[in-house]
Amino acid sequence: MTLGPHCPTRTRVLRALATGLCLTSCLTGLAACSSGGDDSGTEVGTAPSADGGVLSAATARPSIEQTRLPSPTATASTASGGLGTRPTDAPKVQPTASWTPPEVHFYNENWSYWYQDDSVTNQNSITSQGNFEGYRTHVGTCIGFATRDIDEATHLSGLSDEVLSASLLDGSTNMDIFTETSRERISVVRDDGGTLEGYNVTYTGTYTWADGPGEIHGYRFARTVSNAGLNFVVMLICRAGDEMTLEQWHEVLAGMRLTGVSGGPMGE
């Protein structure tokens, strides 16, 4: 099949989408623009934590930019040894009608494993259509974040939710080494239609805490709902040997609730 001028390749669409997101952030001054692996826009944290400083703010605080699309030519997992490949999908016709951003909000309703602490995130990166919350586990060995961001470029991308969701799985910009070890499709995050299906990856890597780099284990959940322009990411970073189990992580995700959107299964 030959693609015409109004049917761009997936790579070109992803490049335009990533560039648009970056330019928007630069123009508004709300987040740093980086090609990935750069410290631009991150902050050195000094805020104390309830665990006595064991995880008192890592060297680089995640920003909303770092939860969005990775480099446009990357596969769904760019790290060495990563599992899975990005789903293939044919671009759709670009919508031409004007678009009004929906009011989508998320809530965390399960505090059994963590509490909110926004000092672990770069709050300056929040957009007018975004929520960005940081968390610490009660045992003091993990930090995490959840982001809900609405963007017209996502709505106009012309790609399926499955493809766009897979593009959000790479977490290497938040750490020194990121290696995806497993991937699953789960439907536990609640929305107005019941539950929201998304990708969840288990990963290992290296992260620089305030007291130096260390091995980590963690999870990253991602879902894009393109008709709402929504990118939703929840991530957990734990010291190796003191991480949550996968079952506990599923409980955390089941405690998340989105309103104003009904995403349903990916690809539908």
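Which residues does L258 touch, not counting residues up to four places away in sequence? Keep that question in mind while you set up the view. This is a predicted model, in which local features need pLDDT of at least 70 and side-chain atom pairs count only at pLDDT 80 or more, while totals for chains, interfaces and linings use all residues. Residues are numbered from 1 along each chain as its sequence is written, and side-chain values use heavy atoms, with hydrogens and water left out.

Select L258 to begin: with contact meaning heavy atoms within 4.5 Å, L258 touches V104, H105, F106, R148, V189, R190, D191, D192, L196, L230 and F232.

Buried here means under 20% relative accessible area, exposed means over 50%, and partly exposed lies in between, using a 1.4 Å probe and protein chains only. Of the 27 residues in this core, L230, F232, W249, M256 and L258 touch the most other members. Two or more residues come from each of strand 4, strand 5 (177-191), strand 7 (212-225), strand 8, helix 4 and strand 9 (256-259), and strand 8 gives the largest share, five residues. Helices (H or I, at least four residues) and strands (E, at least two) are DSSP runs, numbered from the N terminus. Apart from this core lies another, of 20 residues, including V120, I143, V201 and Y207.

Now select helix 4, residues 246-254, whose buried residues are W249, V252 and L253. They lie on the same side of helix 4, because they cover an arc of only 95° around the axis, the arc being that of the directions from the helix axis to the C-beta atoms.

Move on to the one disulfide of the structure, a disulfide being a pair of cysteine sulfur atoms within 2.5 Å. C142 is joined to C238, with 2.1 Å from S to S, and the link is right-handed, with 110° about the S-S bond. The pair connects distant parts of the chain, since C142 is in strand 4 (residues 142-150) and C238 is in strand 8 (residues 230-239), 96 residues apart. Both C142 and C238 are buried.

Finally, select R183 in strand 5, which counts as partly exposed at 23% relative accessibility. The side chains of R183 and E180 are joined by a polar contact of 2.9 Å, a term for a pair of N or O atoms within 3.5 Å where, within protein, one must be able to donate a hydrogen and the other to accept it, and residues adjacent in sequence count only if both atoms are side-chain atoms.

How values were computed: A nonpolar core is a set of buried Ala, Val, Leu, Ile, Met, Phe, Trp, Tyr and Cys residues joined through side-chain atoms within 4.5 Å.
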